[in-house]
Number of protein chains: 2
Amino acid sequence: MAKYCFGIDVGGTTVKCGLFENDGTLVDKWEIVTRTENEGENILPDIATAVKSKMQEKGIAKKDVAGIGIGLPGPVRKGVVSVAVNLHWGEKDVEKELGELSGLPVSVGNDANVAALGELWKGGAEGKKNAIVVTLGTGVGGGIIIEGKLVEGSHGAGGEIGHAHVDDDIEIPCNCGNTGCLEQFASATGIARLAREELAAHPEEESAIRGIDKVTAKNVFDAYKEGDVLSARVVEKFAKYLGKALGAFAAVADPEVIVIGGGVSKAGDCLVDVVAKYYKVYAFSACKNTQIALARLGNDAGMYGSARLVLDK
Amino acid sequence: MAKYCFGIDVGGTTVKCGLFENDGTLVDKWEIVTRTENEGENILPDIATAVKSKMQEKGIAKKDVAGIGIGLPGPVRKGVVSVAVNLHWGEKDVEKELGELSGLPVSVGNDANVAALGELWKGGAEGKKNAIVVTLGTGVGGGIIIEGKLVEGSHGAGGEIGHAHVDDDIEIPCNCGNTGCLEQFASATGIARLAREELAAHPEEESAIRGIDKVTAKNVFDAYKEGDVLSARVVEKFAKYLGKALGAFAAVADPEVIVIGGGVSKAGDCLVDVVAKYYKVYAFSACKNTQIALARLGNDAGMYGSARLVLDK
């Protein structure tokens, strides 16, 4: 039985690498630069080199490594990413290419999906088998886990919950081309926009977030915690969109727990409380008491989940 | 290897029974009355008797029967239904009770869920592994199938998509206690209400459905096919709600096919066309071309799916 596996989380600027024991113990973690030039041709060779160097450094033989799991920012289906804009990649058979480069078995997943799997393994959904993980960052990502397995989807778009339609009135288009996506209201970017709109709609109202040069979701939540009335309205608006959408997702997947991660989740318990308030209103009766929890692994979730992919294979 | 299995679909008035060969060939089907008196105490004994009689009639030995699959109108989790109002049941361990009564292995599922599984096995989603099946009847039911397996959910509420919140303005409550559920707009009942509202809002407008005593969804679709303008507005309204909601569900499960069944689906291809039109607008880019198809098994879907449950066990 192999004792180790690697979990690799590929972002547009850095690649997070983790060496794990197969029980989920993180032995070592480090980062390398994501070299996106020349259509990102160096990314996979760099990863293979990083893995081999670490094995050499630690004196780990090939037979002791179960494989490499890798999370990528794009739709993944059966080991192939169809496009990864941030890596300057078109379609790429990552399972095959990285397998040949490294000589190890490779498992490939979408980055938001594997982050969800990480939270299920060692984070906010630890010990659960059914979970929805929603990641509130620059965008809104997600991962759906049913009976312990990630929902990859037939186009690699399982858990793309940031692009569920939630609003008919907004006229600004989403990055995806549609208009009215959850991401436009529940991402850090969306919350900042809601704040700017609320400030503009009430030009006379005093607020702790007025006058901040580029107001952020963090500014909004910080002010909310201090009792700022205008920020509270922004938070309630955000939470209503998210709680309502989570209710609809729960009517599909009926999870044991809904985990909220990403930068916005640093707001902490007050975020869970306000989202849960709206979730309870809109969720189907059988799902109203579903636990809502904070993610626990932060930026390491993708690394953990990628490693877990290897073991699930 | 056992050659046969039974698929039983329990409704509030009749129990549909099917004897299948394990390749999905329907050998015989018949119905018995659902005796709901005395808290439905006779229902399971009646089913056990029906199964035994059929085995005797056909000369089938116990060893040749893989088991009994049974679909029930209520939330099911691990063989136990938590409540089935139409059968006058509270919580009941159906797997255990029917197993003891029949002496055969029993598999239990929710009726809408098993109907979805039936459509996957031998109906509109035949040959697919990932599907959303939505049943438009008196209410709206559903079943989600991921990699060939039904999503039961952690409270037996997987696929309860009729109770996704889709509207903030309606004031009439849904049967579930919430307000604004998909079921209120996309069920036969919901379509009839939309029609009554449209008639009342345009009292001067001529329409083929005006003056009908109790206008039904069928009346609306029949008139729509004949070019009735008012009915077309009702159909478009219904289709927008449903297409939009299916788009959001696809962002969770990313199915290969969405199958529409239930009484309303008898409207045929024109129903698929109008729902697909809105689905394409609201679905995430990767899912926009997901096939939308009609259910093919009609009222037999539950029977087929229940039988399939046995074989999946």
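Predicted model: local features only at pLDDT ≥ 70, side-chain atom pairs only at ≥ 80, totals over all residues.
Reader: Through which surface do the copies meet?

Author: They meet through the same surface, because 100% of the interface residues of chain A are also interface residues in chain B. The contact takes 40 residues from chain A and 40 residues from chain B.

Reader: How is the size of an interface often given?

Author: It is often given as the accessible area that is lost when the parts come together. For the present case, the area buried between chain A and chain B is about 3,100 Å², and carbon and sulfur atoms give 58% of that area. Of the area that chain A buries against chain B, 21% is supplied by A:V252, A:D254 and A:F284, which is more than any other three residues supply.

Reader: How many salt bridges and how many residue pairs in polar contact are found across the interface?

Author: The rule finds 4 salt bridges across the interface of chain A and chain B. In one salt bridge, the side chain of A:K244 meets that of B:D168, with 2.6 Å from N to O.

Reader: Which helices and strands of chain A each supply at least two residues of the side that touches chain B?

Author: They are β10 (140–146), α8 (229–253) and α9 (269–282) of chain A. The largest share of the side of chain A that touches chain B comes from α8(A), with 7 residues. Sorted by class, that side of chain A has 20 nonpolar, 11 polar and 9 charged residues.

Reader: Turning to rings, how many aromatic pairs does the structure hold, and what is the geometry of the pair B:F185 and B:Y241?

Author: Over all chains, the structure holds 12 aromatic pairs. The pair of B:F185 and B:Y241 is stacked, with 4.1 Å centre to centre and 20 degrees between the planes, and planes under 30 degrees apart count as stacked. This pair links distant parts of the chain, since B:F185 sits in helix α5 (residues 183–186) of chain B and B:Y241 in helix α8 (residues 229–253) of chain B, 56 residues apart.

How values were computed:
Residues numbered from 1 in each chain as written. Chains lettered and ligands numbered in written order. Heavy atoms only, no water. Contact = heavy atoms within 4.5 Å. Buried area = accessible area lost by both parts, 1.4 Å probe. Helix = DSSP H or I, 4+ residues; strand = E, 2+ residues; numbered from the N terminus. Nonpolar A, V, L, I, M, F, W, Y, C, P; charged D, E, K, R; others polar. Phe/Tyr/Trp six-rings, centres within 6.5 Å; stacked < 30°, edge-to-face > 60°.
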